[in-house]
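Student: I am new to this structure and would like a close look at a single part of it. Could you take me through the sheet and whatever packs around it?

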Amino acid sequence: MKKQKVRKNKQQISGRTSRKNPTTSILSSPPTTKKPSTAASTASSKEKVYTAHKGDNAKLIRNVCELYVKDGDYVADVTFGKGSFWRSTDASRFNLMASDILSCKDKPYDLTDLPYDDASLDHFVLDPPYMHTPGKPMVDKRYRNSETTRAMYHGDIMSKLYAGGMIESRRTLKNRGMLWVKCQDEIQSGKQVWSHIELYNMALAFGFYAKDMFVLLSNSQPPVQAQQQHARRNHSYLWIFEKKPQ
Ligand SMILES: C[S@@+](CC[C@H](N)C(=O)[O-])C[C@H]1O[C@@H](n2cnc3c(N)ncnc32)[C@H](O)[C@@H]1O
């Protein structure tokens, strides 16, 4: 696919338009003598951000944004789904570019082949279906996972969706840009598969540094199987990887 300019593809969610003058976007920011404020310095004057959260993704994402997303940053959510990540966040202060192969009818981009320029993004948010689907996962109705992961086993999800996304993030992120990876470990054929460890190793192999990891403790009860073989899983992870300069 022909890569187009990021600015041409910029999309604010819910049809919002950017408040910023495009001529002063970070892609063409004028030189300044003023020390730029960082997201971390802004966060330091607010509530502290912790690694463990109880509740839903939206509040976790809001905290991650406070810590890491600067005003005017380009943030590509390439598995936008229903946009529930952004429900508690004021996304008008940065440029949120939403795409999803199924749910974004006007931007149905495959996360492994995005129309964004090389080194144009500050953040790349990756939350593909994380459960293999020969069975019937509980989240299927909501996210129609079986349509995009039909007959995929754990290894396929890792190699096609996560690795494919990481390779595309490496291309599209600026140096020191951040790759956010949402994941949950799972059981396949009665055996644990530690996705968060596999993804950590994968990201390091692709030239990222593991800057942070958040643990989300779910409010809802995990599905109950007839006979319990392992502890019920009621937590997930959000990795924040940083692209090492090339
Ligand atoms: C777990 S959901 C994402 C939920 C989302 N973070 C939210 O807040 O609503 C996974 C999403 O990945 C999308 N998806 C699966 N394969 C994809 C691909 N190859 N390219 C882009 N999106 C894909 C699915 O359509 C689905 O919406």
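Tutor: Here is a walk through the sheet, then a helix beside it, then the core and a few single residues. This is a predicted model, in which local features need pLDDT of at least 70 and side-chain atom pairs count only at pLDDT 80 or more, while totals for chains, interfaces and linings use all residues. Residues are numbered from 1 along each chain as its sequence is written.

Let us begin with the strands. Helices (H or I, at least four residues) and strands (E, at least two) are DSSP runs, numbered from the N terminus. The open sheet has 7 strands, in the order β1-β8-β9-β5-β4-β2-β3, and its pairing is mixed; two strands pair if DSSP finds at least two bridges between them. At the edges stand β1 (52-54) and β3 (95-98), each with a single partner strand, so one side of each is left without a neighbour in the sheet. On average, neighbouring strands of this sheet are turned by 20° against each other, direction ignored; the axes are lines fitted to C-alpha atoms, and angles run from 0 to 180 degrees between N-to-C directions.

Now follow the β1 side. Strands β1 and β8 (residues 208-217) run parallel and are joined by 3 bridges. Ala52 stands opposite Val215 in β8, and the bridge partner of Lys54 in β8 is Leu217. On to the next pair: β8 and β9 run antiparallel, with 9 bridges between them, and here Asp212 stands opposite Ile240 in β9.

Strand β9 also holds Ser236. Ser236 is buried, because 20 other C-beta atoms lie within 10 Å; a residue is buried if 20 or more other C-beta atoms lie within 10 Å of its own, exposed if 12 or fewer, and partly exposed in between, with C-beta atoms placed from the backbone. Apart from its neighbours within four places in sequence, Ser236 is in contact with Lys182, Cys183, Gln184 and Leu216, contact meaning C-beta atoms, placed from the backbone, that lie within 7 Å.

Next comes helix α6. Its 19 residues (154-172) should span 27 Å at 1.5 Å a residue, and the end C-alpha atoms are 26 Å apart, which agrees; the expected span is 1.5 Å times one less than the number of residues. A kink of about 30° in α6 is centred on Ala163, the bend being the angle between axes fitted to the seven residues ending there and the seven starting there. The buried residues of α6 include Leu161, Met166 and Ser169, and the buried residues of this helix pack against β4 (121-126), β5 (173-183), α7 (195-205) and β9 (235-243).

What about the core? The largest nonpolar core has 48 residues, and Ala76 and Leu179 have the most contacts inside it. Such a core is a set of buried Ala, Val, Leu, Ile, Met, Phe, Trp, Tyr and Cys residues joined through C-beta atoms within 7 Å. β5 gives the most to this core, with 6 residues. Beyond its neighbours within four places in sequence, Leu179 touches several residues, among them Phe124, Met166, Ser169, Ala203 and Phe241.

Finally, look at two backbone angles. Most residues other than glycine have a negative phi. Arg176, in strand β5, has a positive phi near 70°, and Arg176 is exposed, with 12 other C-beta atoms within 10 Å. Ala119, in the loop between β3 and β4, has a positive phi of about 50°; Ala119 is partly exposed, with 15 other C-beta atoms within 10 Å.

Notes: Two residues are in contact if their C-beta atoms, placed from the backbone, lie within 7 Å.
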